[in-house]
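This report reviews a single protein chain from the overall fold down to selected residues. Please consult the sequence and the structure while reading.

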Amino acid sequence: MDATLLHRGSITVFDFRCDAGPADPAFPEQHEVHSISYVRRGSFGYRGAGGASELVAGSVLVGRPGDGFVCTHEHHAGGDACLSFQLAPELVDDVEGGGGPWRSGGLPPLPSLVVLGELAQAAAAGRSDIGLDEAGLLLARGFVSLLTERGAARGPVRARDRRRAVEAALWLDAHAGQPVDLEVAARAAGLSAFHFLRLFARALGVTPHQYLLRCRLRRAARRLAEDAGPITAIAYDAGFSDLSNFIRTFHRAAGVSPRGFRRLARGERKILQERLAVSAPA
């Protein structure tokens, strides 16, 4: 059983859940696309050309098109769940950077991948400023870097790249009230999704989605402070597509709810005192 969480051009994200147990027979399968899956819970065995692996929560399973495999469930009766990212070939080429290490197989819970997997989970649950597509690219790149040991220190950002990043930021700010994702922003910048994400983050210190979210928060805060319109309308006008997500995101950023922020902007002393108390040094 799986549910599609995201489907945008070169990346698709599934919440994959399997209820198979020890009594269920294993059968041959084949990877249809490039994929990287983070095991969220449970366990299962993986048998393929790359060897045999026992995957548990925190493990990563990588698939390459055409590679056959068999999944077994003899050690766990509770099923398993994975957050699975399927990548188009051109995106894999970008992520690999010409190194070509992508191969099917399972990896144990490794610190560098576990933190990225948990970041992806938070993104899937709407608890992170990182976009779900961005989290998938970061997880894929983490896997490639791990295999190729290319974790070299970053060099200086070229002036041309800084300019392109700033121009992209201005474009994102101008279009923050509209539906914008990584693919759309990258296309506007004339870059592939992966190269756009890398260039933007290196030059500006935040990912495109984080910057877009800050643009939307800035617009919403301005409106909350300046007019008495409905909070729902303000959220939608700022670019948020879901009211509950806006309230949660705003509270995480501001430390108060949108309504509380509006009251603070109106000079309500109790809210002001609470915020001063939170901000005061220990």
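## Overall composition

What percentage of the 282 residues in the protein chain is buried? In this predicted model, buried residues account for 43% of the chain. The secondary structure consists of eleven helices and nine strands.

## Confidence of the prediction

The mean pLDDT of the protein chain is 87, and 89% of the residues score at least 70. Among the elements, the highest mean pLDDT, 96, belongs to helix 8 (residues 231–238), whereas helix 11 (residues 269–279) has the lowest, at 57. Across residues 278–282 the pLDDT falls below 50, and this stretch makes zero contacts in the model beyond near neighbours in sequence.

The whole structure contains one cavity of 30 Å³ or more. The space within the largest cavity amounts to about 40 Å³. Its lining is formed by Ser10, Ile11, Leu91, Asp133, Leu137, Leu182, Glu183 and Ala193. Two elements, helix 3 (132–148) and helix 5 (182–189), each give two or more residues to this lining.

In terms of residue class, five of the lining residues are nonpolar, one is polar and two are charged.

Is Glu96 buried or exposed? Glu96 counts as buried because its relative accessibility is 9%, which is under the 20% cut-off. The residue is part of helix 1 (residues 89–96).

The side chain of Glu96 reaches the backbone nitrogen of Trp102 at a distance of 3.2 Å. A further spatial relation involves Phe143: Glu96 and Phe143 are separated by 47 residues in sequence, and their C-alpha atoms are 9.6 Å apart.

## Asp67 in a loop

Where does Asp67 lie? Asp67 is located in the loop between strand 6 (60–63) and strand 7 (68–72). With a relative accessibility of 15%, Asp67 also falls under the 20% cut-off and therefore counts as buried.

Which residues does Asp67 touch, leaving aside those up to four places away in sequence? Asp67 touches Glu29, Gln30, His31 and Ser104.

Definitions and conventions. Residues numbered from 1 in each chain as written. Predicted model: local features only at pLDDT ≥ 70, side-chain atom pairs only at ≥ 80, totals over all residues. Heavy atoms only, no water. pLDDT = per-residue confidence, 0-100. Helix = DSSP H or I, 4+ residues; strand = E, 2+ residues; numbered from the N terminus. Contact = heavy atoms within 4.5 Å. 1 Å grid on protein atoms, 1.4 Å probe; cavity = no way out; pocket = protein on both sides within 12 Å on 5 of 7 lines; lining within 4 Å. Points joined across faces, edges and corners; volume = space filled by probe spheres on them. Nonpolar A, V, L, I, M, F, W, Y, C, P; charged D, E, K, R; others polar. Buried < 20%, exposed > 50% of the residue type's maximum accessible area, 1.4 Å probe, protein only. Polar contact = N/O pair within 3.5 Å; in protein donor to acceptor, adjacent residues only side chain to side chain.
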